[in-house]
Amino acid sequence: MQNDALKALTRQVHEDLEKIAYASGPWVSSVLTHHGEPVLDVAVIGGGQGGLATSFALRRIGVHNVRVFERAQHGKAGPWVTFARMITLRTPKHVTGPDLGIPSLTPRSWFEARYGEAAWVSLDKIDRRDWQAYLDWYSETLALPVQHDRELADVVWQDGLLHLTFRSQDGEISEVWARRIVLATGIEGSGSWHVPDFIRESVPAHLYAHTHQEIDFEALRGKRVGVLGGGASAFDNAATALEAGAQSVAVCIRRKTLPRINPYRWMENAGFLGHFPSLPDLTRWRFMRRIFDLNQPPPQDTFWRCSRHDGFSFHGDTPWLDARCDGETVIVKTPHGEKTFDFLIIGTGFVIDFSKRSETSSFASNIALWGDRFTAPAGEESAVLDSYPYLSPQSQFLPRDAAHPDAAMLGAIYNFTFAATPSMGLSGASISGMRYGVDRLARAIACDLFVQDGEKHLESLLSYDTEELVSLGRQGEEQA
């Protein structure tokens, strides 16, 4: 329930939008139907922060025939109240993005309306549950066209349009036609969460979980837990296990020690955020190779959240090489001997593999990757970067084979997931990149639609006959 200050803020948002409404009315000329069925101009796949902001950005520049499809139930989009186990966001509180530059829509305005100005001043970082509440308020305030419980199951190119098939959690099938789609499906939206083969093949499923899965932490009370991976999510899960009463938690990484420099803080400048996609391939490659090599350290407060517990230990230069089970005990082989655990938490991130996603699997083989379009200089190779999609300057997929039947379809699909990073810089699946990435994406889509309908817009001009000069006499006199 909104308090009076939040209600007043909602009214302020509407007033602010009315004041800057110039040229935001609908202009897309091609109101299409296909065999009598309506056709969306844009279908946004994913109702998290990126999908919501993209929908709003398109509306702000006059693209109104848009719908957002989200597979989760209302209030459960994204990680914030599902598998995220951090206490706060990792992003500084002053970072903006979904607001698109409208002060009354900023996280700060929402937070101050809910908790007061003094609370914002004393705040370090925004609580993840507050971020979800902010996004819910944002969507409701803007009346964004979101349909929940809609998972994209298939995409087919037919008659120059995209035919989308959705499946609900109870198996209900629905179909939609669209001219363009945006994939705003988050961190894992271009592949799958990664679990090493030797764990999947040697350890029963009830004795391990990836950080994105549901975990019964209460069941870990008194247990010995091993965590593989040194990213923030690995430490978030380690801390949660310790706080639930785990006897011990050992975090193991293959690096000799944790990274200490966070390249995301460097990237949060207008030059990089706004213009990275315009750099030549070699320069972009070198930027991303450095950024990926640095990786992100866990936030300082997250590490301290673990280290305050006596049962916590950290082991650098300790990759897991193999695993076997002795009853309900998991024995992990490392270069420094064996470690014994009662449960494993896998924080090894994700892999880029479009064949593993239902929405892209049918055309995955023709998506151009960096490894297809760019050859790194000797000594600067990166198998990881090679696996990422090589996107157009407008964030569209490009074909490996331009003569392939799927080639035209790929130009109608915009990738706004984390996988866009090597091509576009910080954009999709990153709060830090939204301020510039969302606007750039929306304008690219609008440009594409306008150019495709250019002749129709010309016809509209040629037939435009609304008179502005209505009298050739003196003011107040009607011309006979």
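Contact means heavy atoms within 4.5 Å. In this predicted model, Ser 192 touches Phe 350, Val 351 and Lys 356, not counting residues up to four places away in sequence. Ser 192 belongs to strand β8, which covers residues 191-193. Its relative accessibility is 19%, and because buried means under 20% relative accessible area, Ser 192 counts as buried.

Arg 305 was examined in the same terms. This residue is part of helix α11 (residues 300-307) and is buried, with a relative accessible area of 7%. When neighbours within four places in sequence are left aside, the contacts of Arg 305 are Arg 85, Met 86, Ile 87, Asp 236, Ala 239, Thr 240 and Glu 243. The side chain of Glu 243 makes a polar contact with the side chain of Arg 305 at 2.7 Å.

Charged pairs were then considered across the model. Side chains of opposite charge can pair when their charged atoms come close. The search of the whole structure finds 19 salt bridges. One of them joins the side chains of Arg 179 and Asp 41, with an N to O distance of 3.2 Å. This pair links distant parts of the chain, since Arg 179 is in strand β7 (residues 173-183) and Asp 41 is in strand β2 (residues 37-45), 138 residues apart. Both partners are buried: the relative accessible area of Arg 179 is 2%, and Asp 41 has a relative accessibility of 4%.

A salt bridge is also found between the side chains of Glu 380 and Arg 286 (2.8 Å, N to O). Glu 380 lies in the loop between α12 (370-373) and α13 (383-386), and Arg 286 lies in helix α10 (residues 281-294), so this pair ties together parts that are 94 residues apart in sequence. Here Glu 380 is buried, with a relative accessible area of 17%, whereas Arg 286 is partly exposed, with a relative accessible area of 42%. Salt bridges that share partners join Asp 41, Arg 179 and Asp 453 into one network. A further salt bridge is formed by Glu 218 and Arg 221, whose closest N and O atoms are 2.9 Å apart.

In helix α3 (residues 107-115), the buried residues are Pro 107, Ser 109, Trp 110, Phe 111 and Ala 113. These buried residues pack against α1 (4-19), α4 (117-122) and α5 (128-142). Gly 116 follows α3 and has a positive phi, near 105°.

Helix α5 has 15 residues, of which eleven are buried, so α5 is largely enclosed by the rest of the structure. The buried residues are Arg 128, Asp 130, Trp 131, Gln 132, Tyr 134, Leu 135, Trp 137, Tyr 138, Ser 139, Thr 141 and Leu 142. The elements covering them include α1, α2 (49-60), α3 and β4 (146-147). At 1.5 Å a residue, α5 should span 21 Å, and this agrees with its end C-alpha atoms, which are 21 Å apart. The N-terminal end of α5 is capped by Asp 127, a side-chain oxygen of which lies 2.7 Å from the backbone nitrogen of Arg 129. After α5 comes Ala 143, where phi is positive, near 50°.

The remaining element considered is a sheet. Strands of a sheet pair through backbone hydrogen bonds, either parallel or antiparallel. The sheet described here is open and has three strands in the order β13-β14-β15, with antiparallel pairing. Its edge strands are β13 (322-326) and β15 (337-341), each of which pairs on one side only. On average, neighbouring strands of this sheet are turned by 25° against each other, direction ignored. The antiparallel pairing of β13 with strand β14 (residues 329-334) runs over five bridges. Opposite Thr 329 in β14 stands Asp 326.

Technical notes. Residues are numbered from 1 along each chain as its sequence is written. This is a predicted model: local features need pLDDT of at least 70, side-chain atom pairs count only at pLDDT 80 or more; totals for chains, interfaces and linings use all residues. Side-chain values use heavy atoms; hydrogens and water are left out. A salt bridge is a side-chain nitrogen of Lys or Arg within 4 Å of a carboxyl oxygen of Asp or Glu. Helices (H or I, at least four residues) and strands (E, at least two) are DSSP runs, numbered from the N terminus. Buried means under 20% relative accessible area, exposed over 50%, partly exposed in between (1.4 Å probe, protein chains only). Two strands pair if DSSP finds at least two bridges between them. Axes are lines fitted to C-alpha atoms, for helices over the stretch in contact, and angles run from 0 to 180 degrees between N-to-C directions. A polar contact is a pair of N or O atoms within 3.5 Å; within protein, one must be able to donate a hydrogen and the other to accept it, and residues adjacent in sequence count only if both atoms are side-chain atoms. The expected span of a helix is 1.5 Å times one less than its number of residues.
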